Amino acid sequence: MEMVRGFCRYYAIHRQVYESFNISFDKFGRTSTPEQTEVCQAIFNRLLENNWLSENTMQQLCCDTCTRFLADRLVEGTCPTQACDYTSARGDQCENCGKLLNPIELKDPKCKACKLTPQIRDTNHLFPGTAFAEG
């Protein structure tokens with residue numbers, strides 16, 4: 001029952017955020033459903049067909065041991081802020097000083113799964129282009 005209350009609380013928070021941006025919130029669901037996959041693929045294909053995507057290279061931490069690129073939450077290290085130097089900063093934010101981080105900024109980054117040092121690698125990503133933003 002406690003888990004259901006938690007979901008209900010998050011639903012209310014999400015609904016309030018979306019309403020503040022004038023985004024309708026018709027259905028609360030999971031990203032792993034076939035319906036969600038169909039919607040995402042339709043949006044992606046429309047962006048692709050209209051040439052609204054551009055490919056850019058960015059740097060990301062990659063763990064050779066785990067053989068994967070690491071999401072922000074899978075990296076921990078020392079906060080790069082001199083006055084802080086918190087040793088358990090996450091890849092997205094330092095819980096000690098509150099600074100938002102890019103994982104490659106961390107000093108002595110470690111993969112949270114295997115505790116080894118990941119490598120910085122170039123990786124290509126698709127982003128909505130300026131034509132998409134203009135309308």
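In what order do the elements of the chain run from the N terminus on? They run α-α-β-β-β-β-β-β-α, which comes to 3 helices and 6 strands, where helices (H or I, at least four residues) and strands (E, at least two) are DSSP runs numbered from the N terminus. The model is predicted, so local features need pLDDT of at least 70 and side-chain atom pairs count only at pLDDT 80 or more, while totals for chains, interfaces and linings use all residues. Residues are numbered from 1 along each chain as its sequence is written, and side-chain values use heavy atoms, with hydrogens and water left out.

Begin with the whole chain shown as a surface. Its accessible surface, by the Shrake-Rupley method with a 1.4 Å probe and, for residues, with only the protein chains shown counting as cover, comes to about 10,300 Å², of which 52% belongs to carbon and sulfur atoms. Of the 135 residues, 17% count as buried, that is, under 20% relative accessible area, as against exposed at over 50% and partly exposed in between.

Next, select helix α1 (residues 2–20) and find Y10 in it. Y10 is partly exposed, with a relative accessible area of 42%, and together with I13, V17, Y18, F21 and I23 it forms a nonpolar patch on the surface with about 580 Å² of accessible area.

Now select strands β4, β3 and β5, which in that order make an open sheet of 3 strands with antiparallel pairing. β4 (89–90) and β5 (107–111) stand at the edges, each with a single partner strand, so one side of each is left without a neighbour in the sheet. Between β3 and β5 there are 3 bridges, and two strands count as paired if DSSP finds at least two bridges between them.

Within β3 (residues 75–78), centre the view on T78. T78 counts as buried, at 15% relative accessibility, and its bridge partner in β5 is K107. Leaving aside residues up to four places away in sequence, T78 touches D85, Y86, T87, A89, L106 and K107, a contact being heavy atoms within 4.5 Å.

Finally, select L61, C63, L70, V75, C79, C84, A89, C94, L101, L106 and C111, the 11 residues of the largest nonpolar core, meaning buried Ala, Val, Leu, Ile, Met, Phe, Trp, Tyr and Cys residues joined through side-chain atoms within 4.5 Å. From L61, again not counting residues up to four places away in sequence, the contacts include F69, L70, V75, P103 and I104.

Definitions and conventions
Patches are made of residues with over 30% relative accessible area and no salt bridge: like charges are joined within 9 Å, nonpolar side chains (Val, Leu, Ile, Met, Phe, Trp, Tyr) within 5 Å. A salt bridge is a side-chain nitrogen of Lys or Arg within 4 Å of a carboxyl oxygen of Asp or Glu. Buried means under 20% relative accessible area, exposed over 50%, partly exposed in between (1.4 Å probe, protein chains only).
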